[in-house]
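Open the model in your viewer and follow the selections below in order.

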Amino acid sequence: MALALFIIFGVLCVAGALNLLFQRHPINSALSLVVVMMALAVIYWTLGAEFLAAAQVIVYSGAIMVLFTFVIMLLNAGEEERTTGSKAAYFVGIPGVAGIIALLTYIFLHEKAALGYARLGGSLDTATSNISEISRVLFTDLLLPFEVTSILILVAILGAVVLARREQ
Amino acid sequence: MPQLSDFHLFLVITLLKIVVVLVITLTAVAYTVLLERKVIGRIQNRWGPSRVGPFGLLQPLADGIKLFLKEDLMPLAVERPLFVISPMIALACALVSIAVVPFGAVHTVHGVDIFQIADINIGLLVILGITSIGVYGIALSGWSSNNKYSLLGSLRASAQVISYELALGLSLVGVVLRAGSLRLRDIVDSQSAHGLLSWNIIGGLQIVGFFIYLMAAYAETNRAPFDLPEAESELVAGYHTEYSSMKFAMFFMAEYANMITVSCVATLLFFGGATSPFGHMFDATGPAWLSMVMPVFWFVFKVFCFLFLYIWVRSTLPRFRYDQLMAFGWKFLLPLAMLNIIATSLALAYHG
């Protein structure tokens, strides 16, 4: 069952990502990204990370991507044009992508033992709550990084407010 | 009957549950529309629908037939795939979130809880997540219609929903803090001890959180007094201006299904869900089936009260102006929700 879900949503995820690249209209690309994120959320869930799945849907699909589509609608962005200007993309881009994939594959295969194995659906049958585990780690071992991240986000919010109030 | 394996039994019972809940929800949606027309009619000193069937009770059926038989117009300049899919997104998101709502006491048949479709640890987050996906239905419908009224309506709607989502989510944190869980059954159980007195709104002192939730929920569902996205005096009909026939009906149903979902969440989080207001006072009396039916009755009754309140508010209050709406959400509800969280967590830290 978990395997079937993994295959379905893995395929959906890859298809969405490819569609994101091939679509000409920015809004179709943005919607493909939403599909990718939802499919990722389901995959997280099959791995037992239910809180992460919900956070993914609420934060990425529900807030960030809505703002993306919002901006695309407001700017009334049209279809992108195909240009042959960038030769660099062919010469650097494709080998670069191949290199990164090769590097990641090598690391994942080489460090297989250290990374450990995920069990599909394995953590779902236990009664432990994801949230209490995450919050225990977040507020004990990782307290400093957590607080630093919140300060960083606060600075970003203040920056946005300052930029928005500039005209006065 | 051949012996079914556990998995097959689970599958069959779950499918049955889904069908039954879906049919009941859609019927409830249809009759909420009738209720709204009747109640608003009475408030405005007229009769409301009274011709089809006794007391106009068959009016939803007539409306449904009318909407099915109407011509499905497709304007020439629309973005076709998105135009077709956005009402489906809106309706699907509105209907899916009912799946995690527990609408009765725990009652298992062959190991499957029959009064809740899916009992998951993060039920509350699932509802919030699905609500936030529902914005796409509105946003895309406005954009793909290629009509300026639709676009304005959908921009208003998405901005409003994103803004009020914050206040909505934060207003629920107090309840979650008290229950110590995001599972809806746990949240209901945390307020079931002494009936009315242990409900979050009274015993949990979450009355501030409740009012923030109530107001944010009105804005989330684009209902009066926050119905700017479909303000008919300025925007024709807002985001669904170009829609006709069943596509329009889907938006209409989504709005009412969202109302029902929001009422269910308010019931679960602040009014003790399916527990009786009298606590365990009458548990021992009456036959066994009564203890199965009464929680469902209380749940439906509470949801009905919320729906009535929705209608009452719609027919009483005038519409906000757009800047008032934004200022109210960001400058009043959001800080108040944060204060509520701080007060609740301080109280919990002091007592616990």
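Predicted model: local features only at pLDDT ≥ 70, side-chain atom pairs only at ≥ 80, totals over all residues.

The expected span of a helix is 1.5 Å times one less than its number of residues.

Select residues 26-46 of chain A. This is helix 2, with 21 residues. From first C-alpha to last, helix 2 of chain A reaches 30 Å, close to the expected 30 Å. Move on to A:Gly48, just after that helix, where phi is positive at about 95°.

Next, colour chain A by pLDDT. The mean for chain A is 82, and 86% of its residues reach 70 or more. Among the elements of chain A, the highest mean pLDDT, 91, belongs to helix 7 (residues 143-164). The lowest, 77, belongs to helix 5 (residues 112-115).

Now show both chains and select their contact. Chain A contributes 16 residues to it and chain B 17. On the chain B side, helix 4 (123-133), helix 5 (135-144) and helix 6 (148-179) each supply at least two residues. Helix 4 of chain B gives the largest share, six residues. What is the make-up of the side of chain B that touches chain A? Twelve of its residues are nonpolar, five are polar and none is charged.

Last, centre on B:Val109, in strand 1 (residues 108-109) of chain B. Is B:Val109 buried or exposed? B:Val109 counts as exposed because 11 other C-beta atoms lie within 10 Å, and the cut-off for exposed is 12 or fewer. Leaving aside residues up to four places away in sequence, B:Val109 touches B:Ile13 and B:Ile114.

How values were computed:
Residues numbered from 1 in each chain as written. Chains lettered and ligands numbered in written order. Helix = DSSP H or I, 4+ residues; strand = E, 2+ residues; numbered from the N terminus. pLDDT = per-residue confidence, 0-100. Contact = placed C-beta atoms within 7 Å. Nonpolar A, V, L, I, M, F, W, Y, C, P; charged D, E, K, R; others polar. Buried ≥ 20, exposed ≤ 12 C-beta atoms within 10 Å, placed from the backbone.
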